[in-house]
Amino acid sequence: MRFDKFISVTTGLSRAVAKKEIKKGILVNNEIIKSIDFKINENHDIVIFNGKRLLYQKYIYIMMNKPEDVISATEDRDSKTVVDLLNDNDKIYNPHPVGRLDKDTVGLMFLTNDGELTHKLISPKKDIKKKYYLEVDGFLKESAVEIAKKGIILEDGYRCKSAVLEVLSSKQEKSTAYISITEGKFHQIKRMMKSLGVNITYLKRISIGTLILDDNLKLGEYRYLTDKEIKNLKK
C-alpha cells in the first residue's frame, strides 16, 4: 500500500495533509521515511506517528439510518447516495450498500467493503430475514396474516416466500404493521401490500438478520458496528 494512503486511512488526514506529514519524516520499523511513494506492508510494518503506532483496518462496517430521497448506491449523477452521506475518511475504504432500499424508504442500511459478508447477506440461499415497520392507507384484514404466511401472490403471478406479518393497528383510514421477509424483489413490500388491497404510505427497515437499527441514530446519521454486531452477522 502507498505510504500516503496508509497514513490517510489510519489517521483520518486528507491525502494532501498525509503527504506533507510524510515529507517531514515518519518512523517506520525504526527508520525515518520521507518518501510518499514508499510501499507499506500494512499487516507487518510498525509505523509510529505522533508517538502512537498506527494500525490498519482492512474492513469497515457501517450502520446507517437512511433518510428519504437518498438512493442505495455508491454513486449517481442525479441523486444523493448513501455513500455521499459518509465522511471522506470512511469513503476511503470504498464501502458499498448491502442490498437496497427504495428512494422513499427509510431505516437500516448496512455498508461495508467486506465482499464475503455481503455475499452471505444478499444470497437468496441464506434466507436472511429483513424486518420492516409499515403504514398503509386502509384496513388490513385479519386474513392478511395467514395470506402472508402462505406467500402473497404479486400482480405478475409471482408467489412470494412466506412472510411474517404482525398487524399493530387496523383502521379504515390507516393500518400499521411489522413485516419480515427473506427475499428482496423490486418494490416487493409495496407490491405485497397492494395485493392485499392497500398502499404503503410509510416504510422503514428496522433489522437485517441479527443487526438491529440503533434508535439513537437520527435520519442521515451512521455509526460503526460493534465487534459483537460484526461477529453475530458473520455467524
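Modeller: What follows is a set of questions about labels, each answered by setting a value against its cut-off, and the model is a predicted one.

Colleague: Why is E135 called buried?

Modeller: Its relative accessible area is 16%, and because buried means under 20%, E135 falls in that class. The residue belongs to strand β8, which runs over residues 130-136, and, apart from neighbours within four places in sequence, it is in contact with K174, S175, T176, N199, I200, T201 and Y202.

Colleague: What makes the pairing of E135 with Y133 a polar contact?

Modeller: The two side chains come to 2.8 Å, and the cut-off for a pair of N or O atoms is 3.5 Å, so the pair of E135 and Y133 lies within the limit.

Colleague: Why is D69 called exposed, whereas H187 is called partly exposed?

Modeller: D69 has a relative accessibility of 55%, and since exposed means over 50%, that label applies to D69. For H187 the value is 27%, which lies between the cut-offs of 20% and 50%, and therefore H187 counts as partly exposed. D69 sits in the loop between β5 (61-66) and α3 (88-91), while H187 sits in the loop between β10 (175-181) and α6 (188-195). Each has a positive phi without being a glycine, about 65 degrees for D69 and near 50 degrees for H187.

Colleague: How do you know that K190 and D104 form a salt bridge?

Modeller: Their closest N and O atoms are 2.7 Å apart, and because the rule asks for a Lys or Arg side-chain nitrogen within 4 Å of an Asp or Glu carboxyl oxygen, the pair K190 and D104 meets it.

Colleague: What makes domain 2 and domain 3 count as touching, and which residues take part?

Modeller: The domain assignment gives domain 2 as 61-123 + 214-234 and domain 3 as 130-208, and the contact takes 12 residues from domain 2 and 11 residues from domain 3. Since contact means heavy atoms within 4.5 Å, these residues are what the word rests on. The size of an interface is often given as the accessible area lost when the parts come together; here the two domains bury about 930 Å² between them, 51% of it on carbon and sulfur atoms. D102, V106 and L108 supply 46% of the area that domain 2 buries against domain 3. Across this interface the rule finds 2 salt bridges, as well as 6 residue pairs in polar contact.

Note on methods. Residues are numbered from 1 along each chain as its sequence is written. This is a predicted model: local features need pLDDT of at least 70, side-chain atom pairs count only at pLDDT 80 or more; totals for chains, interfaces and linings use all residues. Side-chain values use heavy atoms; hydrogens and water are left out. Helices (H or I, at least four residues) and strands (E, at least two) are DSSP runs, numbered from the N terminus. Buried means under 20% relative accessible area, exposed over 50%, partly exposed in between (1.4 Å probe, protein chains only). A polar contact is a pair of N or O atoms within 3.5 Å; within protein, one must be able to donate a hydrogen and the other to accept it, and residues adjacent in sequence count only if both atoms are side-chain atoms. Domain bounds come from an automatic or database domain assignment. Buried area is the accessible area (1.4 Å probe) that two parts lose on being put together, summed over both.
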